[in-house]
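Dear colleague,

I am handing over the structure we talked about, and my notes on it follow below. Please read them with the coordinates open beside you.

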Amino acid sequence: MSVVRFKDLVSLTTDNQQLATNQMNDKQHTIQAPVTVRGIGLHTGVEATMTFCPAPVGHGYKFQRVDLPGQPIVDADVDNVVDLSRGTTIEQNGARVNTVEHTLAALVGMQLDNVLIQLSGPEPPIMDGSSADFMTALESVGLQEQNALRNYYEIPESIRYVDNARGVEIAALPLPDYRLTVMVDYNSPVLGSQHATLADIGQFGAEIASSRTFCFLHELEMLYKNNLIRGGDLSNAIVVVDRVVSDDELNDLAKMLGKPRVAVKKEGILNNVDLRHKNEPARHKLLDLVGDLALVGRPLKGQILAARPGHAANVAFAKKIKKKMLEAHSNPVPQYDPTREPVMDVNRIMQVLPHRYPFLMIDKVIHLDDQMVTAVKNVTINEPFFQGHFPGNPIMPGVMQIEALAQTGGILVMNTVPDPENYWQYFLGIENARFRKKVLPGDTIIFHCQLLAPIKRGIAKMRGQAFVNGKVVCDAEMSAAIVRKDA
């Protein structure tokens with residue numbers, strides 16, 4: 001048996017470090033219109049129709065079992081994984097969806113953020129055993145850019161998963177884009193040791209998506225007896241023959257698969273199926289890894305290295321990543337990257353807010369959805385209020401910080417009406433305001449507002465916080481009204 005060592009993955013990654021031209025779009029995306037695929041499920045053998053539907057900002061990936069009473073929703077979340085028998089199965093609200101990884105891999109490969117997947121059966125169609133048909137369908141309707149930045153989770157430090165009994169090791173390392181390297185070793189004279197690398201998620205469609213699912217001949221009977229691969233077919237799964245097979249075995253196999261006859265090609269692939277890539281099995285393992293890691297719930301930035309991965313290890317690793325993610329989220333501080341394109345620049349802000357110099361208090365909006373907004377102001381000594389406020393000891397007045405929070409909240413509430421140019425927003429009240437640290441010239445303030453309750457009768461209540469260098473400098477609860485200009 002050839003030995004796969006984890007350090008070999010690092011070497012392979014280094015050898016492939018011609019920097020990816022990874023153009024990960026910073027805006028969230030959905031699809032422009034619904035699109036449908038149909039087929040049979042790999043393990044259940046049940047015919048199903050699957051429709052990809054546009055979804056709003058912050059929706060993420062969700063499945064909907066439209067064949068069940070109440071049409072329950074199943075979030076594509078690692079905490080909903082309930083079975084890992086040759087695929088990843090999720091369950092929520094009394095509904096189960098089998099073998100989700102190929103579908104999710106296609107969504108990640110398309111760099112989509114928000115999609116509702118309506119399914120008329122228990123399992124997505126297997127199609128040709130890869131993600132290619134899903135990507136073709138999604139590409140046919142096109143992508144729709146949305147008015148919010150992608151909510152990346154950037155791997156902050158090394159995260160590792162090890163299963164010594166199975167010889168599995170997976171690691172995530174900090175990196176400003178998303179790359180994956182997979183190495184597999186099946187102790188097989190046909191496949192041997194293989195590796196696959198994806199240095200640019202934008203190349204998923206060209207490099208990885210067409211790689212089909214596979215199994216070894218000795219696994220087929222076990223899978224069939226355990227009521228798996230009921231939808232398996234020699235046209236949608238590669239069967240690797242890694243031992244001498246008698247004619248009687250081939251005849252039995254043909255009966256099991258409902259075929260008149262099966263044969264073994266000299267390359268060791270059943271029934272003359274041609275591999276699309278010499279390392280197609282390794283590429284498919286990378287595809288599975290991309291799909292399983294989508295269950296973290298946010299697009300990732302990091303370098304993923306995996307030796308002998310499988311669904312159980314992938315999901316266990318995804319849970320470790322999500323745990324780290326939630327630990328960071330428990331004390332959320334909005335992150336500002338000045339190199340990223342804003343959701344709204346100052347010109348767009350002035351189309352929504354009536355304020356102008358010297359009373360326009362925010363420079364750009366870096367996040368906006370139906371529940372929250374984040375804006376940025378760069379404080380300079382040229383601010384007009386510094387001329388008369390503490391001359392010789394310039395400190396940004398607290399009342400101006402509150403005004404900037406109110407304007408940030410104004411962006412949020414105006415985002416809830418279809419024609420904001422026809423409305424005014426008025427500041428109604430402020431409660432529990434606190435000023436915790438001085439704000440000085442040269443500081444960059446990040447303002448964050450979030451709705452505390454749904455907007456009713458044009459009244460919005462929200463909590464606002466201002467941050468400098470990751471520390472809260474002020475916070476308050478605020479109320480605002482939306483009023484039509486012609487009222």
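Asp26 lies in the loop that connects helix H1 (6–15) to strand S1 (27–31), and please keep in mind throughout that this is a predicted model. With a relative accessible area of 17%, Asp26 is counted as buried, because that value falls under the 20% cut-off. Its side chain makes a polar contact with the side chain of Arg340, at 3.1 Å. Once neighbours within four places in sequence are set aside, the residues in contact with Asp26 are Ala148, Leu149, Arg150, Tyr152, Arg340 and Glu341.

Strand S1 itself is largely enclosed by the rest of the structure, since five of its five residues are buried. Lys27, His29 and Ile31 point one way from S1, while Gln28 and Thr30 point the other way. In a regular strand, side chains alternate between the two faces of the sheet. S1 runs antiparallel to strand S10 (residues 143–149), to which it is joined by four bridges, and in S10 the bridge partner of Thr30 is Gln144.

Turning to the annotated positions, an unreviewed UniProt entry carries the annotation "binding site" for His102, His284 and Asp288. Although these positions are spread over 187 residues of sequence, they cluster in space, with a largest C-alpha distance of 9.5 Å. From this set, His102 is included in the lining of the largest cavity.

His102 is found in helix H2, a helix spanning residues 101–109 that is mostly covered, with nine of its nine residues buried. His102 counts as buried at 5% relative accessibility, and, leaving out residues up to four places away in sequence, it touches Ile126, Gly129, Ser130, Ser131, Phe134, Thr213, His284, Leu287 and Asp288. After H2 comes Gln111, whose phi is positive, near 55°.

Asp288 is found in helix H7 (residues 280–293) and counts as buried at 6% relative accessibility.

Finally, a word on the cysteines, in case you plan to look at them: how many disulfides does the count come to? The count comes to zero disulfides. Cys449 is in no disulfide, and the nearest cysteine sulfur, which belongs to Cys474, is 9.4 Å away. Cys449 counts as buried at 0% relative accessibility, and Cys53 also counts as buried, at 10%.

With best regards

Technical notes: Residues are numbered from 1 along each chain as its sequence is written. This is a predicted model: local features need pLDDT of at least 70, side-chain atom pairs count only at pLDDT 80 or more; totals for chains, interfaces and linings use all residues. Side-chain values use heavy atoms; hydrogens and water are left out. Buried means under 20% relative accessible area, exposed over 50%, partly exposed in between (1.4 Å probe, protein chains only). Helices (H or I, at least four residues) and strands (E, at least two) are DSSP runs, numbered from the N terminus. A polar contact is a pair of N or O atoms within 3.5 Å; within protein, one must be able to donate a hydrogen and the other to accept it, and residues adjacent in sequence count only if both atoms are side-chain atoms. Contact means heavy atoms within 4.5 Å. Two strands pair if DSSP finds at least two bridges between them. A disulfide is a pair of cysteine sulfur atoms within 2.5 Å. UniProt positions are given in the numbering used here, feature names are shortened, and annotations may be inferred rather than shown by experiment. On a 1 Å grid over the protein atoms alone, a cavity is a set of points where a 1.4 Å probe fits but cannot get out, and a pocket is an open set with protein on both sides within 12 Å along at least five of seven lines; lining residues have an atom within 4 Å of a point.
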